[in-house]
Amino acid sequence: MSSKMPPNLSLNLEGMELLTIQYMLDGKNTEYGYKFKLLGLDKASFSGSRDEDMLDTSLVQTAEEAGDLRKVKFYIHHVESPEKSRAVKLNFYEDGHITSGSEITPEEFDKIVEAISATKTYSRYLNSLDDLIDDYITEINLKGEREKYRNRVSHAFEELSSNELNVSSDHVVDSYIHSMVLANIGIGLYKKSISGSDLDYDPSMVPTDWNPYISKFFENYAQYQMEGIPEEAHNFVVSNINKLLDAVDPTEEGYSAITLLEEAQQQYDL
Amino acid sequence: MTENQFFFREDYTLEEMESRIRAGEFTIDNAPVYEILDDTQLTPDEAEDAGKEEILNILGDDLSSEDYYDFIEEMFEKYGHEGDRFNQQLFKLPPNHDLNNLRDSLERFEGGPLGQPFDSILSQPLYLNEIKEEGSKIDLRFNTSVDMEEYESEEEIPIQVIDEEGNRVDEISEDNAVRIPTRSRIEARIYPNQKMISISNSEIPVRLQKEIFTVVLSIITDSSTDTEDLIEVDDE
């Protein structure tokens, strides 16, 4: 027997998407009992206090095996009545259902849905820098050199968002998401350069003072992962990232790394 | 009963308010607690040593039920956690459909049991009982039809009869049983801007939830009986 059922439209959220949701909801990531591989960053601040009970649950074990973050914690600020401010834990299950460990109002739930929606919209640009480097690193370096290379690339991106957007590298998640977003926008621009549209850029915007590992990352990624890169592609990519960094105002209310994606979408139709 | 309420919750029972105030808030440092002591036998020192449960017991004995209610309400408004623990399933809605007139389309099915054109979707009677708009969002409340469930009273844990405020007024004696009409309540919220729907996931069969999703989907995809847009899948 069969019946008419809709296509599977439930939402599966991957680790990076969950981290982004948490980031958008102002999450604190230090409470989680499992390790999160973060390049060049202080891992201790991510592994945090290990709650043994939590580790025993199959939920967390599954998440560890899959490398996915399955619990998201964030803080609800009540401006009018600070006494009601509280930490909230959400559990995201593989089939797309979500539960909360404490009381949430429908309005607060709406914020969660908005964060999920924005995350899903930009999901293509949420590949961690770590994973992007994994795509090609085995091709280029001797084993001993790889970690050094990784650390330098991730340090370079950290430096970029710190210098240009005042993102403190002490804010591990903030810095991490910025690196991820900038790297993915760059790759998006590379893809655009292959598509044959004319590579319009302002030569004066080609950065001269960036850490050379930014360029190294993009050049290596393009070299090993893409074909038919035009000669001017690299300048096109970095100058437009530079322009993008100028276009956003990190002091503006509501600014987040997602603002960069929104701006890139508008400017370059990525 | 306020079971399975989330989007449609409007008020809280006394019991709910009590449980949503953290024990730590029952301290004389909080004005409502300090002020209520005058009407009770408790001294500030005693109140500071007593736990939440003890304080509530004493207040319950010393105050009129009206004053007790007012006190709890004041505490709840100041310190209580509003909202509910939720268990929700999110689904994507088809991106290419205009959801501007969705409310009108939905309203045609409000009230009575959902019959045609949903016969082919539903495996049990279902009612779309309430529709309300919250800003850009649309909330839906569905109910299944009534089932009778029988519960036997036991000596150790007898079935209690309670009043509106949750106070016990009677007990069903041992060996007697009660028949309780039950029906599932399923709430959903449609997010037209995000093209998503969230459907309650707690204590309802997956099949029913999928059916509700399919009903909404078929109303969106042109409110027609046609389930052409839907993909045929085998039953699990």
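Colleague: How many bridges join strand 4 of chain A to strand 1 of chain B?

Modeller: Keep in mind that this is a predicted model. Strand 4 (residues 97–100) of chain A and strand 1 of chain B run antiparallel, and one pairing puts His97(A) with Gln89(B). The number of bridges that join these two strands is 3.

Colleague: And what is the strand order of the open sheet?

Modeller: The open sheet has 8 strands, with antiparallel pairing. Strand 2 (71–76) of chain A and strand 2 (126–134) of chain B are the edge strands, since each pairs on one side only. From one strand to the next, the twist averages 25°. Written out, the order is 2(A)-3(A)-4(A)-1(B)-9(B)-8(B)-3(B)-2(B).

Colleague: Is strand 9 of chain B largely enclosed or open, and how many of its residues are buried?

Modeller: Side chains in a regular strand alternate between the two faces of the sheet. Here Met196(B), Ser198(B) and Ser200(B) point one way, Ile197(B) and Ile199(B) point the other way, and all are buried. So strand 9 (residues 196–200) of chain B is largely enclosed by the rest of the structure, with the buried count at 5 of 5.

Colleague: Which residue in the turn between strand 8 and strand 9 of chain B has a positive phi?

Modeller: Strand 8 (residues 185–191) of chain B and strand 9 of chain B run antiparallel and are joined by 4 bridges, with Ile190(B) opposite Ile197(B). The two strands form a hairpin with 4 residues between them. The turn residue with a positive phi, about 55°, is Lys195(B).

Colleague: At what angle does helix 7 of chain B run to strand 9 of chain B?

Modeller: Two helices come up here. Helix 5 (residues 106–121) of chain A lies across strands of both chains, including strand 9 of chain B, to which it runs at about 135°. Helix 7 (residues 206–220) of chain B lies across strand 1, strand 3, strand 8 and strand 9 of chain B, and its angle to strand 9 is about 145°.

Colleague: How far apart are the end C-alpha atoms of helix 8 of chain A?

Modeller: Helix 8 (residues 143–165) has 23 residues, so at 1.5 Å a residue it should span 33 Å. The model agrees, because its end C-alpha atoms are apart by 33 Å.

Terms used
Residues numbered from 1 in each chain as written. Chains lettered and ligands numbered in written order. Predicted model: local features only at pLDDT ≥ 70, side-chain atom pairs only at ≥ 80, totals over all residues. Expected span 1.5 Å × (residues − 1). Buried ≥ 20, exposed ≤ 12 C-beta atoms within 10 Å, placed from the backbone. Pairing = 2+ DSSP bridges. Axes fitted to C-alpha atoms, helices over the stretch in contact; angles between N-to-C directions. Contact = placed C-beta atoms within 7 Å.
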